[in-house]
Amino acid sequence: MRRLFSFAALAALLLLGGCKTDRSTVLKVYNWSDYIDESVIEEFENWYEEQTGEKVRVIYQTFDINETMLSKIERGHEDFDVVCPSDYIIERMLKNDLLLPLSRDFGETPNYIDDNLSPYIRAQFDKIDGGDKNANDYAVGYMWGTTGILYNAKYVTDEEASTWDVIRNTNLSGRIFIKDSPRDVYSQIILYLHQKDIEEGRVTMDELMNYTCEEDLAAVEAYMKQVKPLVAGWEADFGKDQMTQELGYVNLTWSGDAVWAIEEGKTVGVDLRYVCPKEGFTVWFDGWVIPKYAQNVKAANYWINFMSRPDIVIRNVDVTGYVSVSGSPEVMDAFINEDCEPVDVSYFFGPQATAVKLDPVLYPDKATIARSTMEHDWGEHTADLVAMWNGVKGNNMNITTVIILVVAAVVVLALIVSRMKKAKSRRSSRKYIGKNARKRR
Amino acid sequence: MKKFFARAFLALILLLLYAPLIFIAISSFTESRVLGNWTGFSTKLYGNLFSGSMQGAAGSLMTAVYNTLIIALIAALVATLLGTLAAIGIFYSRGRAKNAVMFLNNIPMVNPDVITGVSLFLLFVFLGITQGYVSVILAHITFCTPYVVLNVLPKLHQMNSNTYEAALDLGATPGQALRKVMIPQLLPGMLTGFILSFTMSLDDFAVTFFTRGTIGLETLSTYIYTDARKGGLTPELRPLMTIIFIVVFALLVIINIRQERAAKKKALIK
Amino acid sequence: MKISNIFSRRSSWSLPYVVFLLLFVALPLILIMVYAFFDEGGNFTLSNLTRFFGDSDALSTFAVSIEIAIENTAICLLLGYPVAWILANKRYNRSAVTIIIFILPMWINALMRTLATADLFNMLGIPLGKGTLLFGMVYDYLPFMIYPIYNVLRRMDPSYAEAAQDLGAKPSGVFLNVTLPLSLPGITSGIMMVFMPTVSTFAISEFLTNNKIKLFGTIIQENINSSMWNYGAALSFIMLIIIGISTLLGGSGEEDAQVQGGLI
């Protein structure tokens with residue numbers, strides 16, 4: 001018995017022990033999946049101890065949908081110290097007062113953030129509408145990229161892929177993968193649908209990125225419903241794999257996924273290409289922020305600083321295939337590729353960088369960037385967007401469903417009735433059988 | 001002729017059931033990153049699995065395997081102890097109390113995993129228990145113990161309860177009587193319960209998914225889930241699954257041969 | 001000393017487990033109801049439940065889940081019953097170990113099996129969709145149908161069937177009038193073990209259809225995962241009601257077979 005008690009005591013201790021950990025030695029990072037060179041995490045722990053003399057252990061968690069991350073913080077009050085949301089979520093978090101201002105006070109440690117951040121990214125962050133707050137005080141960019149079309153050149157011509165309408169090409173039925181991201185799909189399709197209006201100056205691309213009107217939502221929904229029968233899948237992250245296996249020929253996706261797929265495609269002999277369609281497209285940014293419920297703000301600030309150090313940037317870019325927000329010449333030099341045509345990246349790396357041999361999938365030319373815009377938070381209209389998407393994606397009900405359900409309901413009702421009848425007759429028969437029946441059991 | 005059709009039908013169903021498993025086993029002997037491509041025979045994946053030289057994703061695979069085993073072991077052990085004690089108690093209690101416990105005991109078995117997972121998640125949130133190792137183990141004990149109870153109860157029915165009384169009459173303390181007389185007779189049921197619990201804990205995905213919290217705890221199932229959502233599965237999973245398959249196969253064959261032998265013995269005695 | 005006195009009564013040895021059950025089985029189920037009937041501010045509300053009936057996404061997912069579960073259960077029954085019957089029939093099979101070969105796959109990680117199935121389809125060039133989902137579901141749940149039916153059939157006293165035969169019944173008549181009714185508890189149990197889990201499946205359906213079809217379990221998971229606990233709990237509560245109804249319909253026969261199910 002004593003043993004049992006000591007076991008119970010041990011269990012109780014375990015339970016209590018689970019409740020409290022010293023949070024100043026723990027840094028909870030919440031990042032997109034596949035979005036870092038994981039060896040960097042351990043290196044940060046060492047670096048942090050070197051710089052501050054304090055020990056820290058990183059708990060690294062990943063998400064693959066912005067909204068999951070946001071609701072964990074907004075509704076679940078989870079104590080992540082540093083997270084990496086996308087532009088429009090940073091906007092929403094700013095508006096909803098969910099972020100702590102960043103500190104640039106690193107003592108002896110160099111400030112890698114401000115030394116390296118590209119002016120282009122800084123300007124884009126200025127455009128984030130955070131009410132009276134400037135996003136640059138609350139967020140530091142991590143990666144950025146474009147949304148576009150990844151396609152298999154064996155089955156799709158460059159000409160076909162240069163418009164968003166390629167996803168409505170019936171010849172590609174069952175070979176089209178669409179990123180399962182309502183906002184990205186809406187933004188591109190609305191640009192496609194309004195291309196005339198944009199050309200003729202009736203509306204600007206930026207205006208279309210906010211909620212405009214019900215008709216626009218309905219138009220995108222109608223368009224996507226035409227696309228739906230052709231779609232092979234709504235992918236969160238697996239589209240790139242489907243493309244390299246030639247299961248998909250067209251993928252509406254992000255440039256980072258495209259880079260990964262193109263590289264992988266080369267090793268297996270699949271010619272994949274990526275294009276930002278002519279009607280215009282969105283540019284996206286993910287940035288590090290410190291949520292309101294963070295418990296280890298100091299380490300979080302150091303983490304953001306560390307993530308901006310050029311050599312760390314280069315390693316993360318190498319592993320993930322995404323493009324860093326870093327405008328440091330060191331980073332630019334690291335990605336110069338002699339096989340590429342020169343591109344004008346002066347908007348990103350500074351005025352002297354007008355002809356650098358960089359991969360245009362990673363760093364689009366200045367002319368391409370001119371066709372781009374940036375997504376915004378829809379505030380209270382976000383629900384309409386989600387409803388539109390569910391209307392497109394969900395609703396697999398058809399007449400068979402209804403027939404089967406009706407038949408099933410009838411059968412269930414019949415069963416209930418027969419059960420009740422049986423129970424009645426059993427009750428009356430029990431009177432006669434009495435105790436004998438029980439004994440036999 | 002009839003026999004031929006019966007056999008053919010069984011063979012067809014077996015093919016259906018085993019095709020994906022055989023598919024995994026075969027592709028565990030090639031290095032191709034993508035499941036389904038054959039790039040020549042190789043045992044490199046097995047080598048990677050055992051040399052511990054894996055890096056990055058595959059390295060965290062081994063951590064996940066380690067977590068899975070620890071959780072399964074602790075959960076199965078506690079479930080076996082708790083379940084055996086409970087079975088003895090249930091066996092000796094009567095009437096409403098017995099029915100009530102049996103009713104509660106059946107709930108985790110009838111509930112789908114998602115419901116068990118969600119309900120336990122809400123419990124841990126409600127009690128303010130940080131979710132992680134402890135919550136996952138508690139959750140696993142919850143769905144394992146009923147099976148232990150159900151495996152030990154029949155052994156109690158078979159047991160001659162007089163032997164326990166006799167031991168007490170002959171001066172044994174209750175503890176001694178329990179250890180020397182009762183436990184040996186219950187052992188086969190406990191063992192089956194333990195192995196069942198262990199395999200169920202190994203296999204669980206939904207309950208772990210809801211109760212593991214945000215400290216970054218990964219078991220094999222959640223690892224596969226995260227991995228699969230990204231598209232490519234870590235190739236080392238293929239040899240791992242093949243090995244697990246063989247181990248489970250061996251375990252189940254052992255249990256069943258034991259049971260069949262025991263049944264035959266019983267038949268002989270009769 | 002006093003406590004050890006209590007424990008010397010053997011009927012009280014189940015006390016720790018009773019406490020455990022109350023804490024980890026009863027309380028969590030009560031919590032589902034509490035969360036389902038309260039809003040985030042802690043006020044009583046029916047809005048979580050009424051929201052479901054106005055949520056076309058959740059409703060259609062629910063309907064599709066029930067449809068797929070019915071289809072899956074029917075296919076499993078049609079394939080599984082003959083297997084169980086052949087295996088339980090002494091003429092075709094004498095060893096009790098053969099059945100293990102049929103239930104073994106259910107001990108292999110379901111996700112892994114599902115992914116392997118999806119990859120097989122990909123390799124064969126079959127597009128992922130409802131057909132592949134049903135195939136994968138049957139593949140995952142067939143053992144759960146075979147085993148309880150097999151158990152009932154095997155324990156069935158053959159003299160009933162022999163008597164019917166002696167009285168001049170045709171083989172088909174024997175099967176329809178004797179064997180089938182007697183195996184009903186096994187069938188009910190099999191249906192219970194296939195139907196409910198299919199409705200509440202998550203992850204598996206997404207992998208087998210490239211996210212084109214999701215089942216009710218996914219909706220619950222999405223809501224819980226996005227910290228919409230109250231709505232998630234309300235959806236779970238709806239599941240619980242269905243479980244309650246089907247348990248009532250299945251009756252006590254299923255309980256009996258479950259005891260056997262544990263004995264693998």
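This is a predicted model: local features need pLDDT of at least 70, side-chain atom pairs count only at pLDDT 80 or more; totals for chains, interfaces and linings use all residues.
**A covered helix in chain A**

Next I turned to helix H4 (residues 87–95) of chain A. How many of its nine residues are buried? I noted eight, which leaves the helix mostly covered. The buried ones are Asp87(A), Tyr88(A), Ile89(A), Ile90(A), Glu91(A), Arg92(A), Met93(A) and Leu94(A). I also asked what covers them in H4(A). The cover includes helices H3 (66–74) and H8 (182–193) of chain A, along with strands S4 (99–100), S5 (139–152), S10 (281–291) and S14 (372–374) of chain A. After H4(A) comes Asp97(A), and I wrote down its positive phi, near 60 degrees.

**One arginine in chain B**

I looked up Arg261(B) and found it in helix H11 (residues 237–269) of chain B. Is Arg261(B) buried or exposed? It has 10 other C-beta atoms within 10 Å, so it counts as exposed, the cut-off for that being 12 or fewer. I also checked Arg261(B) against Glu165(B): the two are 96 residues apart along the chain, and their C-alpha atoms are separated by 29 Å.

**Where B touches C**

The contact between these chains takes 73 residues from chain B and 73 residues from chain C. On the chain B side, helix H1 (residues 2–27) of chain B gives the largest share, 14 residues. I sorted that side by class and got 57 nonpolar, 13 polar and three charged residues.

**Chain C as a whole**

My tally for chain C is 14 helices and zero strands. The C-alpha trace of chain C spans about 70 × 70 × 30 Å along its principal axes. Of its 264 residues, 51% count as buried. For contacts in chain C with a separation of 6 or more, I noted that 74% join residues 24 or more positions apart.

I picked two pairs to follow up. Two packed helices are described by the angle between their axes and the distance between the axes, so I took down both values each time.

Helix H12 (residues 216–225) of chain C packs on helix H13 (residues 229–250) of chain C at about 155 degrees, with the axes 7 Å apart. That makes H12(C) roughly antiparallel to H13(C), and their crossing is left-handed. From H12(C), Ile219(C), Ile220(C), Asn223(C) and Ile224(C) meet Trp229(C), Tyr231(C), Gly232(C), Leu235(C) and Ser236(C) of H13(C).

Helix H4 (residues 56–88) of chain C and helix H7 (residues 130–155) of chain C cross at roughly 45 degrees, and their axes come within 7 Å. H4(C) is therefore oblique to H7(C). I recorded this crossing as right-handed. The contact of H4(C) with H7(C) has 22 nonpolar, two polar and two charged residues.

Notes: Residues are numbered from 1 along each chain as its sequence is written. Chains are lettered from A and ligands numbered from 1 in the order in which they are written. Two residues are in contact if their C-beta atoms, placed from the backbone, lie within 7 Å. Helices (H or I, at least four residues) and strands (E, at least two) are DSSP runs, numbered from the N terminus. Ala, Val, Leu, Ile, Met, Phe, Trp, Tyr, Cys and Pro count as nonpolar, Asp, Glu, Lys and Arg as charged, and the others, Gly among them, as polar. Axes are lines fitted to C-alpha atoms, for helices over the stretch in contact, and angles run from 0 to 180 degrees between N-to-C directions. Angles under 35 degrees count as roughly parallel, over 145 as roughly antiparallel, 65 to 115 as roughly perpendicular and the rest as oblique. A crossing is left-handed if the near helix is turned anticlockwise from the far one by less than a right angle, and right-handed if clockwise. A residue is buried if 20 or more other C-beta atoms lie within 10 Å of its own, exposed if 12 or fewer, and partly exposed in between; C-beta atoms are placed from the backbone.
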